[in-house]
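Open the structure in your viewer and keep the selection tool ready. This tour moves from stop to stop and says what to select at each.

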Amino acid sequence: MESEDPKLSEEAIQLPIEQPPSLSERLLIPSLIAGVTGGGVGLLSKRRKAHPNIPATYATNSAIVAACYCGVRELVKITRKSQDDDLMNSAIGGLFSGALLGRLQGGPRGAFRYSIAFATVGTAFDYASLRSKPFLEKVRNMDSITLPVWFPIQILDEEALAKKKAEEQKLFPRLNKEES
């Protein structure tokens, strides 16, 4: 009773296995094209009508990834009722946001890869920012950093501000009368 249909045999079903694009095809080549085109001016500007604006696409994708990661990280922080400097929020947020975006982009295997990558990169970035925060606070509070005299934006004390207003009243008397 076992009749083998030649259409259903294993040898008859030979699907072509398509290799995924390499890293250079997925990352390097689009980056070079984006750099060469320079936002519309470049070697490939004649072909730009058929293709989307590559730098705008990269910017949009970066914004989506950052918003998803930061949103999930904040959701995890609120759910766990933890502090801002807890790196576990970053790891869990990276796992969930990477799994979500990876699932949309590359299926179940993509979800696993993206979740590991997002958790690693996000946690490393948050760790580096936490470690550099005291140094940046110290630099910000230093009095030795002053703006040069020629710099157009100056921080004025009370005397200098009163002097500047008096000079402005001398130079622009009509303008001051209209304000009152």
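**Stop one: a pocket**

The lining of the second largest pocket holds 2 nonpolar, 4 polar and 8 charged residues. In this count Ala, Val, Leu, Ile, Met, Phe, Trp, Tyr, Cys and Pro are nonpolar, Asp, Glu, Lys and Arg are charged, and the others, Gly among them, are polar. A pocket here is an open set of points on a 1 Å grid over the protein atoms alone, where a 1.4 Å probe fits, with protein on both sides within 12 Å along at least five of seven lines; lining residues have an atom within 4 Å of a point.

Before going on, note that this is a predicted model: local features need pLDDT of at least 70, side-chain atom pairs count only at pLDDT 80 or more, and totals for chains, interfaces and linings use all residues. Residues are numbered from 1 along each chain as its sequence is written, and side-chain values use heavy atoms, with hydrogens and water left out.

Now select Asp-84, Asp-85, Asp-126, Ser-129 and Leu-130. Of the 14 lining residues, these lie nearest the centre of the second largest pocket. Its volume is about 230 Å³, taken as the space filled by probe spheres set on the points, which are joined across faces, edges and corners.

Next, colour helix H2 (54-80) and helix H3 (87-140). Each supplies at least two residues of this pocket's lining. H3 gives the most, with 7 residues. Helices are DSSP runs (H or I, at least four residues), and strands are too (E, at least two), numbered from the N terminus.

**Stop two: aromatic pairs**

How many aromatic pairs does a search of the whole structure find? There are 2. Rings of Phe, Tyr and Trp (its six-membered ring) pair if their centres lie within 6.5 Å; planes under 30 degrees apart are stacked, over 60 edge-to-face, and the rest tilted.

Select Tyr-114 and Phe-118. They form a stacked pair, 6.1 Å centre to centre, with 25° between the planes. Both lie in helix H3, 4 residues apart, about one turn of the helix. Tyr-114 is partly exposed at 32% relative accessibility, while Phe-118 is buried at 15%. Buried means under 20% relative accessible area, exposed over 50%, and partly exposed in between (1.4 Å probe, protein chains only).

Move to Trp-150 and Phe-151. This pair is edge-to-face: 6.1 Å centre to centre, 65° between the planes. Trp-150 is exposed at 69%, and Phe-151 is partly exposed at 31%.

**Last stop: the whole protein**

Zoom out. The protein has 5 helices and 0 strands. Of its 180 residues, 17% are buried.
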